[in-house]
Amino acid sequence: MSEQTVRYRPFEDGDFDEIVPIMQGLWHTKSDDEAFDRLEAVDDLAYMLSKANFSQIALVDDVVCGIVLARAGEIDPAWIARWQDVQDRAHQEMRELSAERFADYMAFVEGEGATNHGLLAASGLADGGEVVLLALSPAARGHGVGRALVESARAYLAGKDALPGYLYTDTSCTWRFYEHLGLTRVAEHIATPEEQGIIESEMYLYRLDA
């Protein structure tokens with residue numbers, strides 16, 4: 001990547017449609033319906049944006065290849081409502097494509113949310129800031145882009161006196177990357193037999209220090 005130009009800037013509206021396929025390729029490939037998978041990614045990204053008041057986009061040769069989102073303090077209610085509206089439209093389209101798949105997807109979302117709530121309670125980090133999302137295209141990996149994005153979020157949270165902070169991850173992600181950056185796993189959940197097939201097999205919460 002030494003011959004390529006890498007730059008960073010805050011999220012802009014036009015980035016949404018560039019980030020969706022990145023997230024779809026990473027985490028939304030379980031359906032045999034690509035349109036449904038894309039709507040899952042739309043819902044996922046809109047939810048993450050609704051939780052964030054910091055963003056950085058990574059561009060390689062002016063092509064969007066990664067994003068980090070973070071949160072410290074309260075989120076503007078109008079910002080939340082904007083992205084909830086996007087979620088509502090995605091949910092309606094998913095229902096129209098397949099009510100059964102939509103029910104399965106929402107069971108996953110609700111199970112993941114409940115598990116993450118338990119991890120946060122166990123961690124003692126509820127007063128800290130959160131790294132809400134890190135997503136990279138395959139072309140961006142291994143060249144320092146992920147590290148730069150995480151460090152930008154760390155600097156933001158430090159500036160808001162929101163460290164130590166935390167982030168959620170699981171076995172669908174490259175969680176070893178966070179350990180490589182010095183984050184510490186402080187809580188984990190292994191899916192019970194009843195949860196298998198609904199949530200990821202293992203879910204983690206990592207501590208982010210200054």
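This is a predicted model: local features need pLDDT of at least 70, side-chain atom pairs count only at pLDDT 80 or more; totals for chains, interfaces and linings use all residues.
Student: Why is E130 called buried?
Tutor: Its relative accessible area is 3%. Buried means under 20%. So E130 is buried.

Student: Where does E130 sit, and what is E130 in contact with?
Tutor: E130 is in strand β4. Leaving aside neighbours within four places in sequence, its contacts are K51, L69, A70, R71, L157, Y166 and Y168.

Student: Why is R9 called buried?
Tutor: R9 has a relative accessible area of 14%. The cut-off is under 20%. Therefore R9 counts as buried.

Student: What makes the link between R9 and D15 a polar contact?
Tutor: Their side chains are joined at 2.7 Å. A polar contact needs N or O atoms within 3.5 Å. The pair R9 and D15 qualifies as a polar contact.

Student: What else does R9 touch, and where is R9?
Tutor: R9 lies in strand β1. Not counting residues up to four places away in sequence, R9 touches D15, S55, Q56, I57, L59 and V64.

Student: How do you know that β1 and β2 pair?
Tutor: Pairing takes at least two bridges. Strand β1 (residues 6-9) and β2 have 4 bridges, in the antiparallel sense. So they pair, by the definition. R7 stands opposite L59 in β2.

Student: What makes β2 and β3 a pair?
Tutor: Again, at least two bridges are needed. β2 and strand β3 (residues 63-71) have 7, and the sense is antiparallel. I57 stands opposite I67 in β3. The hairpin of β2 and β3 has 2 residues between the strands, and D61 takes a positive phi near 50°.

Student: Which residues have the most contacts inside the largest nonpolar core?
Tutor: They are F16, I19, L45, I67, L69 and L133, in a core of 30 residues. Elements giving two or more residues include α1 (16-27), β2, β3 and β4 (130-136). α2 gives the most, with 8 residues.

Student: What is L69 in contact with?
Tutor: Setting aside neighbours within four places in sequence, L69 is in contact with M48, L49, A52, F54, S55, E130, V131, V132 and L133.

Note on methods
Residues are numbered from 1 along each chain as its sequence is written. Side-chain values use heavy atoms; hydrogens and water are left out. A nonpolar core is a set of buried Ala, Val, Leu, Ile, Met, Phe, Trp, Tyr and Cys residues joined through side-chain atoms within 4.5 Å. Buried means under 20% relative accessible area, exposed over 50%, partly exposed in between (1.4 Å probe, protein chains only). Contact means heavy atoms within 4.5 Å. A polar contact is a pair of N or O atoms within 3.5 Å; within protein, one must be able to donate a hydrogen and the other to accept it, and residues adjacent in sequence count only if both atoms are side-chain atoms.
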